[in-house]
Structures are given as C-alpha cells and as structure tokens.
Amino acid sequence: MSKEFQAPRGFHDILGSDLRKFRRITSTVRDILKRYNYEEIITPVVEFAEVFERSIGETTDIVQKEMFVFTDRKGRRLALRPEGTAGVVRAYIQNRLYTQKPYHKLFYEGPMFRYERPQAGRYRQFHQIGVEVFGVAEPHADAELLKLADDILKALNVRATLEINSLGCRVCRPAYREALVEYLNRVSDQLCKVCVDRKDRNPLRVLDCKVETCKEAVKEATKMVDFLCEECREHYEKVKAYLTNLGVSFRENHNLVRGLDYYTRTVFEAVSEELDVAVVAGGRYDYLVEEFGGPPTPALGFAVGVERLMLLVEEPERDYELYFVIPFGDVHAYALKVVDVLRKKGKVVELSYRKGGLRKQLELANRLSADYAVIVGEEEMKEGVVSLKDMRTGEQRKVKPEEID
Ligand code: ATP
Ligand code: MG
C-alpha cells in the first residue's frame, strides 16, 4: 500500500482484541461513574487555540511542542484538543452551569491529540475518560476523587500506586517558586539545556523533567510541602487522613508537579507498577474557571489514559452465547424468521453468509467460537423447527425456535 494511504504516524486503528480491551475500560469506568452520579458532557474536539494556551500554560511542553494548531478559512487559530479539562471549563462557563446548581460533577470521553514521538502507549491520537468537579473547595472532594481513581484501577485489576503532592496556592506558591529558582541556580550545571532555559520562567516544570541528570539534580530540591500556608497544609493533611481512613493507599511524591500549569493544591498520578508510567493523572485547579472569565469556582478532576490501560488489562471474556444459524437450500425466508425469533428472545445470533456444505459451515461456526449451530434445512422448514447442535458436546436435537432458551 502506498504511504499516502496509510494512517499518519502516531494515529491508529483500534479493532479486534484491542477494541475489546478499550470497551472493557470505558464501560467499567462508566459503570463506576454512574454510581458516583457523574453526568456526561461532550465538548468539541476543536477549540480556539487560546483556550489551551491560556489554561495549560504557554511554557508547557503540550502548548509549545505537542499541540496540533491550524488556521481555518477565516484565519482563526484553532487546535485539536490535547486534553479535556480546558474544553469542559470553557463549556461550564459558556453554558452558565454555575447558575443551575451549587456544584457539578461532569465526565467526558473521547480522543485527544498531541504531536509526540510515538511509542508503546503513547500516540498522537489517544483517548481519555476524564472527570471534573466544579464548585467544591473542601478536601473531602479530593479524597472522594482519589477514591474514584482507586476504584477504577481495582475494578480493572491494574496494579498502580497513587502518588500525591500539594502544589499550594496563590498565597504560598510564590515564595516557594523563588526558593526553588534559587536551588535550581545552585545545581544548574547538572540540568539539561531545556531546564536551564525554563528554570526562571517555569521552575516547577524542572521537577517533572525526564532527563536522568535532571532527575538526580532535583532529588534534594526544595519542596513545596515545606512552604504550604496554613490553609493548604490543613487541606493536604485532611486529604491524606481521609484516604487513610478509607483504606486507599498512596505514596507522597514531593516532586510531583504534573505537566500542566493550572494545578493548585492536590495533584496526583496513578503510576503503573509494571510499566512505570502514569495511567491516571489529575488534581485541583481552583483558579482556572476564574481565569477563563467565570465566577471564582474551585475545581478538581483527573483523566484516565485509555491506551495506557490497554497495555495492562486483560481482554474480557465473552459474556454471552453465540448462535450460528446455517441455512441449507432455498430456506432463506424461513431462516431470516428463525434469526428474528432468537434475537427477540435476547440471543446473540449470526446468520451464516457462507456458501457450502455442512463441514465448511461448522468450521466457520468453530472459528467464530459459536456455542450453538442452528441448522435450517428444507425438512426443518416444513416441520417449523430447527436442528440445534451444541458445539461443545456435538449433541443435536430438533426444536421449535420459540422453545430455545
Ligand atoms: P506523560 O508524562 O506520560 O507524558 P502527561 O503528564 O502528558 O503524561 P496528562 O496530560 O496528565 O499526561 O494526561 C493524562 C493521561 O493521559 C496520562 O497519564 C496518560 O495515561 C495519558 N496520555 C497522555 N499523553 C498520551 C499519549 N500521547 N498517548 C497515550 N496516552 C497519553
Ligand atoms: Mg506528556
């Protein structure tokens, strides 16, 4: 196939076993979200580029290197969304949801786009399911959110460690920022070029650098937790106490900052023990709604990386029996009726489109892992029955389709 007819690098078809894993993940998350009474929202895949630039932060990797930006025919700068929160915040304000209820719990599911170097579990189009809570400042909301992430991972049988940190607020972060810059200046000869460049503009990002020497250099870095103001400290302590009380295990990671600028107070990641990558990530963003022009609204949320989890979950077992209906001779009118009767009874039914003899038909039934072959010949049609063959035992009997249960 010529190159132009292949999917672009980093873009993937999802099918077969992968798709079954994909659906297992999304339906498990949706089931759990239902019990938490979250409401779904669908926002556009395209927003004005500023929506992301202003919220995620001009100096972040996502905005500087990873965003798909294009201009439309009128010269407006649009972007494919690299994450879900900014669009949901935009929608929350634009739809004036804050006038309807004192707080909101929303979730979204869909594709995200980032121009990254593709590798296992890292694509240019990938999928997230994310949740956002608007209008709650208290730490019990943080704890419930972390519990939700933990419930999701447990339900999917994924072993991951919750890492948490606090990034403080407007009151306490500036002093920390200064102290951190001071520290980074002292170790600047050990930092990579990018970090030397960003240490003054966005020093917290240095803590998130993946380069080995940087990781080593920031091990002993000044910590935000040592600078938390009274309110932030109390908030952080309560979140931890609630989690402990709930039996949710976590580990504090004082260098955890996350790749987006909008976070305040609690940030967290669930890091897969097997792959050493984050599969869930999120935190609080108490000023973002306000910065978008909405009323001051504390908020928090997280996103689940579906492709990352696909590397870790098992394909679900089939939870239904398959009936494979095989017509022989001029019986298609009757066979279509049989199929309809069975489907009305709630059975999962495939009508064979294969031509050929019984052996070939049964071969196909086996390839499809059918549990039953339903043989419909002229004799069966005359009698108003089918020959039902149990594919495991090979047993076969004649039965009226209405009587199959
Ligand atoms: P990473 O440090 O792995 O690049 P990130 O901090 O950029 O992650 P977030 O923006 O927090 O990731 O997105 C939340 C989750 O979405 C990540 O934890 C990950 O599971 C998933 N994710 C992020 N980028 C990609 C990608 N390019 N392909 C697949 N999944 C991704
Ligand atoms: Mg990233």
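Trainee: Which element gives the largest share of the shell around ligand 1?
Mentor: Some ground rules come with this predicted model: local features need pLDDT of at least 70, side-chain atom pairs count only at pLDDT 80 or more, and totals for chains, interfaces and linings use all residues. Residues are numbered from 1 along each chain as its sequence is written, chains are lettered from A and ligands numbered from 1 in the order in which they are written, and side-chain values use heavy atoms, with hydrogens and water left out. Helices (H or I, at least four residues) and strands (E, at least two) are DSSP runs, numbered from the N terminus. Here, E10 gives the largest share, three residues.

Trainee: Which residues come nearest to ligand 1?
Mentor: A residue is near a molecule if one of its heavy atoms lies within 4 Å of it. Of the 15 residues around ligand 1, the nearest are Arg114, Glu116, Arg122, Tyr123 and Arg258.

Trainee: And what is the distance from ligand 1 to the side chain of Glu116?
Mentor: A nitrogen atom of ligand 1 is 2.6 Å from an N or O atom in the Glu116 side chain. For Arg114, an oxygen atom of the ligand is 2.6 Å from a side-chain N or O atom, and for Gln128 an oxygen atom of the ligand is 2.9 Å from one.

Trainee: How do I read the crossing of helices H5 and H10?
Mentor: Axes are lines fitted to C-alpha atoms, for helices over the stretch in contact, and angles run from 0 to 180 degrees between N-to-C directions. The axes of H5 and H10 (residues 230-246) come within 8 Å and cross at roughly 45°. That makes H5 oblique to H10, since angles under 35 degrees count as roughly parallel, over 145 as roughly antiparallel, 65 to 115 as roughly perpendicular and the rest as oblique.

Trainee: And H1 with H5?
Mentor: The axes of H1 (residues 16-35) and H5 (residues 139-155) come within 10 Å, crossing at roughly 135°. H1 is therefore oblique to H5.

Terms used. Polar contact = N/O pair within 3.5 Å; in protein donor to acceptor, adjacent residues only side chain to side chain.
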